[in-house]
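Reader: Hi! Could you walk me through this one while I have it open?
Author: Happy to, let's bring it up.

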Amino acid sequence: MENKNIVLSGIRATGNLHLGNYYGALNKFVKMQNDYDCRFFIADLHALTTHPDPKMLHENVKQILAEYLAAGLDPDKNIIYVQSDVPEISELYLLMNMHVGIGELMRTASFKDKARKALGIHSDGDEIEKEIIGNQTNQRVNAGLLTYPTLMAVDILIHNADLVPVGKDQEQHLELTRRFARRFNSFYKTEYFKEPTNFNFGGNAVKVPGLDGSGKMGKSEGNCIYLIDEEKVLRKKVMRAMTDEGPKEPNSPVSEPIANLFTLMELVSTPDTLQHFKDAYADCSIRYGDLKKQLAEDILKVTLPIRERILEIQGDDEYLGRVVRQGAERACETAAKTLREVREIMGIKKF
Ligand code: TRP
């Protein structure tokens, strides 16, 4: 792995992967694994900020791991690990927190969002601060949630990553990462940390629409096709996708629900198939039932083989264990080096 740019991304251990995750991120990770020194990890410590059921946490980690492997992430080409398997991250998080202001953390959009939800506040004023500081027994907003960006910065900086492929919702966290790196460097008069940049796949992010007529596919929208969906379930979902009354005259403009189905088709079907249905739309001969049938068919061609691999891998504890142990070993190598050097910079010495 000489001189390749270091790519790092974390995956939150919540819920199953859907087509949006697949085309929006995973598929890109799979392509990147040949050209970069890639490190992907499952962010189980981050998941603790919202108190998952202890019985479920490990299962979720396992599930996500199996899905990523099934979709093509290669443990021999990438370092794939579980965040909590690298204890150096937790220590660096403690050290880094000494250079992070609670004000800047409280102003982070993701924090305000989560705090507001936890406190049941709907407005955007200063109620959050008042509520948090004013009420001693208020533990609904925990310090882990506040320092989420510190932990994320450490995930990135501990590897000295160059590129971080994340979506728009994570851009502010990445900006904070750069700020913490700069601040650390200037405080200790060093150039130790690099400032990582977002890797946005050449600017043309794929937007995968949902099946409900508008907007993107997303877990919380309930409009998802999951990689793990059974054939029957998947067909049913696609057949129920929202449409419209159909074109009334030749070359009518395409409404959003239909445009969304075309967009999905563009991802999974051949160009000829897509053209066939677009032509049929243009000359008003289109039958949405046929369009959906074809779409379901072509989605299944992508998802069914992955589903089979997920089921296979999921049950193979020995393989999963081998993957994460190998990953942790390699991640710890870098992490231990960074931590040693940071301790030294900060003046922590052993007797
Ligand atoms: N916060 C990210 C998310 O919610 C997950 C994450 C944690 C991450 N640490 C990271 C992403 C480091 C990139 C780099 O999706």
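Author: One term before we start: buried means under 20% relative accessible area, exposed means over 50%, and partly exposed lies in between, with a 1.4 Å probe and protein chains only. This is a predicted model, where local features need pLDDT of at least 70, side-chain atom pairs count only at pLDDT 80 or more, and totals for chains, interfaces and linings use all residues. Residues are numbered from 1 along each chain as its sequence is written, and side-chain values use heavy atoms, with hydrogens and water left out.

Reader: Great. How many salt bridges are there, and by what rule?
Author: The rule asks for a side-chain nitrogen of Lys or Arg within 4 Å of a carboxyl oxygen of Asp or Glu. By this rule the count comes to 18 salt bridges.

Reader: What does Arg182 pair with?
Author: Arg182 forms a salt bridge with Glu195, and the closest N and O atoms are 2.8 Å apart. The pair links distant parts of the chain, with Arg182 in helix 10 and Glu195 in the loop between helix 10 and strand 5, 13 residues apart. Helices here are DSSP runs of H or I with at least four residues, strands are runs of E with at least two, and both are numbered from the N terminus.

Reader: Is Arg182 buried or partly exposed?
Author: Arg182 is partly exposed, with a relative accessible area of 37%. Glu195 is partly exposed too, at 36%.

Reader: And which residue does Lys194 bridge to?
Author: That would be Asp162, with the closest N and O atoms 2.9 Å apart. This pair also links distant parts of the chain: Lys194 sits in the loop between helix 10 and strand 5 (197-198), Asp162 in the loop between helix 9 and strand 4 (163-164), and they are 32 residues apart. Lys194 is partly exposed at 36% relative accessible area, while Asp162 is buried at 17%.

Reader: What about Glu175 in helix 10?
Author: Glu175 forms a salt bridge with Arg178, the closest N and O atoms being 2.7 Å apart. The two are three residues apart in helix 10, so about one helical turn separates them. Glu175 counts as partly exposed, at 35% relative accessibility, whereas Arg178 is buried at 16%. There is also a network of salt bridges that links Glu104, Arg179 and Arg183.

Reader: Switching to the strands. How does strand 1 pair with strand 2?
Author: Strand 1 and strand 2 (residues 37-43) pair in the parallel sense over seven bridges; two strands pair if DSSP finds at least two bridges between them. Ile11 stands opposite Ile42, and Arg12 stands opposite Ala43. Strand 1 (residues 6-12) is mostly covered, with five of its seven residues buried.

Reader: How many residues of strand 2 are buried?
Author: Seven of its seven residues are buried, so strand 2 is largely enclosed by the rest of the structure. In a regular strand the side chains alternate between the two faces of the sheet. In strand 2 both faces are covered: Asp37, Arg39, Phe41 and Ala43 are buried on one side, and Cys38, Phe40 and Ile42 on the other.

Reader: Which way do strand 2 and strand 3 run?
Author: They run parallel and are joined by four bridges. Arg39 stands opposite Ile79 in strand 3.

Reader: Which residues of helix 4 are buried?
Author: In helix 4 (residues 87-97) they are Glu88, Ile89, Leu92, Leu95 and Met96. Seen down the axis, these fall within an arc of 125°, so they line one face of the helix; the arc is that of the directions from the helix axis to the C-beta atoms. They pack against strand 3 (79-82), helix 9 (148-157), helix 10 (171-187) and helix 15 (317-346), where contact means heavy atoms within 4.5 Å.

Reader: Last one: what does Ala296 touch?
Author: Not counting residues up to four places away in sequence, Ala296 touches Leu234, Arg235 and Val238. Ala296 is found in helix 14 (residues 288-314) and counts as buried, at 2% relative accessibility.
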